[in-house]
Amino acid sequence: MAPPLLEIRNLTVQFQTARGVLPAVQGLSLSIGRGEILGLVGESGCGKSLTALSIPRLLPPNARIAAGQVLLSENGSGRDLAQLPEHELRSIRGTRISMIFQEPMTALNPVMRVGAQIGEALLAHGLANKREARAAALDMMRQVAIPDAERRIRQYPHQLSGGLRQRVMIAMALICRPSLMIADEPTTALDVTIQAQILALLAELRERLGLALLFISHDLGVVSQIADRVAVMYAGRIVEHGPVREIFAAPAHPYTAGLLRAAPSLGCEPRPRLASIEGLVPSLAELPPGCAFEPRCELRVPECSAAEPELIEVGPGRWARCIRAATKNS
Amino acid sequence: MEPLVRIERLTKHFPASAGAWGSKAAVHAIDDVTLEVRSGETLGLVGESGSGKTTLGRCALFLVEPTSGGVFFQERNLLEMKRGELRRMRRHMQMIFQDPFASLDPRMRVAETLAEPFHIHERLSRSQIGARCRDLLRQVGLGEEALDRYPHEFSGGQRQRIGIARALALQPRFIVADEPVSALDVSVGAQIVNLLQDLQQHYSLTYLFISHSLPVVRHIATRVAVMYLGKLAEAGPVGEVLRRPLHPYTVLLLASTPDISRAGRREFHTAPGELPSAVRPPSGCRFRTRCPLARPRCADEEPPLRRLAPGHSSACHFAEEVPSRLTPAVWPI
């Protein structure tokens, strides 16, 4: 079997702080196949964005990859991005792997016409001359369904609406035809009707271009709609992953189950109260000794605080980091 | 049930400099909206950015002065009150904000933040104020050790609890909650929603709950009002509006809202187009530029809000033809 497009093995990312070294991401493994959409969900501070940033090694200065491999395999050869020299990595960023972010306005250059920004990567990587870059930018703007592209190509970011700006970001990210796009909360700043347009566009681009997506979001509804597989993070760890329908229909980890009960839904009968998860996410400096979710877990037993549970297979392609999940399914 | 708050033909235009030569223009934030909030209910106010829902909430508390129209609290028009009278009225009407980071003074201890309303509205001794503050914290699920701390020492959810405690200080009857859980994580947001519901029961509060999220509004609200570009599109009992929407915009909102109950379906029902300019809104029906049912009449004639079922109104000329679900046949992308 061909290896997955991207495979992260045992990734550990640490924050250097005044209070010492904090484990922001701990022993994380995940894989994304060609043309696959993996949803990465979790609440703020769970490490989902750091995981994403560590793939192209764009971590903030106070964070570093302490261990692990980030294997990108293309054309039969695999490379470990975590070990690659910076100049080689630069040729991968934007061309093989690209990123889009929550707030396109902060990611776009306010004094540069959008057409030039979209084509810039082609010029930077020496893949086209100016005329070709402009033509490619125009073509890409049409592919991401920016109406009136001939006029828009000469406009500046502030002249565009939030939805159009995100389309410009997507066009920029796709201009060098990467095989993987990392999308970090790409629709969070958008209104729901515009969000639906962008989700439809991403799903269509995946079909049309065979693009793989790592889709990061705090919004369970959005992820449930776009992803093929879902990984749920808590306190720097993946606590559960598996196919989207199964995760949402029958979560195996108590944290996932708690999140789903806490989220209001239009599809179920009205409930008098939302189930909430009591307590707070633990600080990275004071993680509990055993399972990180144990102090908040309704199903905890004494063994939960003894040692950190491993991710165990609870069904075909389904994994959960919970000792109760193991007993439940055996 | 009698209305506690009645908003009548309310219009709010903000000045906008449109042309390079300073030609006069106005942002039509709210145009001729009539709405009532009934005593003891939660009215959900739904809409996307630019719909005017936040401005309406602020006008309802007279924090923003309307251009025209009336805001009646217990049948008395706030716009006609004298300053002193209005100030005395304010204690009955409070606000909870979206961003608990921005709405608390970072240099004030929680004790000072909570005591401020008492200094303004009541003559109490220091020990009485202290006792009231401790009681308020207990109501919102915080301990009294919070009193001596500053806002930055709390998490987002805890800060929102402090914001709620401050809103409750003077035992108001009416609270406008503007996206109170939007900035919070799911599990924390659920705690705040539950707290708001408990407080409502305990103190017979009336809420105007502003949100962009239909699932949250369905959970907490009794009735819902949907706004689009400064106009009321539809209003009615929340269950009925979501089951049988009578305005095409509500149908679009429903179809666009991702929901965990549709996991893995990968159906994106959406409509092309974006929110038109609020400086030059479309003639007639403001939604017509995105509406699949739009006909010439929609451009010529502004649709009035019509009552189509008990308590259920829609501002669509063709409300009777509105499909309750959006399918690609109705609304091709």
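Mentor: Buried means 20 or more other C-beta atoms within 10 Å of a residue's own, with C-beta atoms placed from the backbone. Keep in mind that this is a predicted model, where local features need pLDDT of at least 70 and side-chain atom pairs count only at pLDDT 80 or more, while totals for chains, interfaces and linings use all residues. Residues are numbered from 1 along each chain as its sequence is written, and chains are lettered from A and ligands numbered from 1 in the order in which they are written.

Now zoom in on A:Leu214. Setting aside neighbours within four places in sequence, A:Leu214 is in contact (C-beta atoms within 7 Å) with A:Ile32, A:Leu38, A:Leu40, A:Ala52, A:Leu180, A:Ile182 and A:Ala183. Across chain A, 62% of the contacts between residues at least 6 apart in sequence join residues at least 24 apart. As for burial, 48% of the 330 residues of chain A count as buried. In general, nonpolar side chains tend to be buried together in soluble globular proteins.

Then there's the contact between the chains, which takes 41 residues from chain A and 35 residues from chain B. On the side of chain A that touches chain B, H8(A) gives the most, with nine residues; helices here are DSSP runs of H or I, at least four residues, numbered from the N terminus.

Conventions: A residue is buried if 20 or more other C-beta atoms lie within 10 Å of its own, exposed if 12 or fewer, and partly exposed in between; C-beta atoms are placed from the backbone. Two residues are in contact if their C-beta atoms, placed from the backbone, lie within 7 Å. Helices (H or I, at least four residues) and strands (E, at least two) are DSSP runs, numbered from the N terminus.
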